[in-house]
Amino acid sequence: MQDIKRSHVRQYVKQRKQAGMKPHTINGELRLISGVINQLNYDNDWNLPNPTLGNREKKPRGRKRWATEAEAKHLIQAATESKNPLLLPFIQLALSTGMRKGEILNLRWAQVDWEAKTIYLNQTKNGDPAAIPLNQYALHALTTLKKYRVRSSTWIFSHTDGTRLKSVRNSFATACEKAKIEGLTIHDLRRTVGSWLINSGERLEIVQEVLRHKDIGTTREYYAHLEKSKAREAVEKLDNTKIYILDDSNIRKR
């Protein structure tokens, strides 16, 4: 461990980048090395240097794109005319739960608790189980999907032969083109849920809970600026209160 130098780490990072690895993957590997060194230092009262420090890749700025209400309406209208009958309920579930694409496409009927109005995920991207509350819009989407249920299949989104539907990318792109929506991805539907919640007055902590971000910092990165705009709206409401009865003449008298 003492033989590992910063130059070795820099060379390793360079090789991983050339291999096509993304910054968060490389940083995860460096965190693993760093964690081993820190544990060795702690367990043995050593003072090994940490050559990973200062060599982390700069995290790219998160994509901040979501659908406006008008875009969502146009998208849903286009989805109703799609050749893929599963596209519309997919979009409805995405916009009403904030679930990830993979989580939706991997759903099985056994995971739906109709009485509790909840979908149970055994494992999420964070590695933890989750309970997804279902509003009336989501329940309507699931009820629609019942019409296309293949009896021999356990998948909610499946082909007519019962195999799992792996992608709606092409039909989604076609719907966006028809709705004249540019630059919107399937994952942006999840971000749309977060933006709508903030704009409806919910706190960042609630958005974190709905989107199941493990770290509030992730939520803040994408939505804090929207919360600030809500703060501006709140302050501007004070214009209508008696606090601001002072006009220029009153101010000059002071």
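Me: Where does His213 lie?
Reply: This is a predicted model. His213 lies in the loop between helix 9 (204-211) and helix 10 (216-236).

Me: Is His213 buried or exposed?
Reply: Buried. The relative accessible area of His213 is 15%, and the cut-off for buried is under 20%.

Me: What does the His213 side chain make a polar contact with?
Reply: The side chain of Thr219, at 2.8 Å.

Me: And which residues does His213 touch, not counting those up to four places away in sequence?
Reply: Asn126, Arg190, Gln208, Thr218, Thr219 and Tyr223.

Me: Switching topic. Which residues touch the most other members in the largest nonpolar core?
Reply: Leu75, Ile91, Leu93, Ile119, Phe157 and Phe172. That core has 42 residues.

Me: Which elements give two or more residues to this core?
Reply: Among them are helix 3 (69-80), helix 4 (87-97), strand 2 (118-121) and helix 7 (169-178). Helix 4 gives the most, with seven residues.

Me: What about a second core?
Reply: There is a separate one of 10 residues. Leu204, Leu211, Tyr223 and Leu226 are included in that second core.

Me: Back to helix 4. How many of its residues are buried?
Reply: 11 of the 11, so helix 4 is largely enclosed by the rest of the structure. Gln92, Ser96 and Thr97 are among the buried residues.

Me: What comes just after helix 4?
Reply: Gly98, with a positive phi of about 80°.

Me: Last one: what is Phe157 in contact with, leaving aside neighbours within four places in sequence?
Reply: Its contacts include Pro89, Phe90 and Leu93, and also Thr163 and Arg164.

Notes:
Residues numbered from 1 in each chain as written. Predicted model: local features only at pLDDT ≥ 70, side-chain atom pairs only at ≥ 80, totals over all residues. Heavy atoms only, no water. Helix = DSSP H or I, 4+ residues; strand = E, 2+ residues; numbered from the N terminus. Buried < 20%, exposed > 50% of the residue type's maximum accessible area, 1.4 Å probe, protein only. Polar contact = N/O pair within 3.5 Å; in protein donor to acceptor, adjacent residues only side chain to side chain. Contact = heavy atoms within 4.5 Å. Core = buried A, V, L, I, M, F, W, Y, C linked by side-chain atoms within 4.5 Å.
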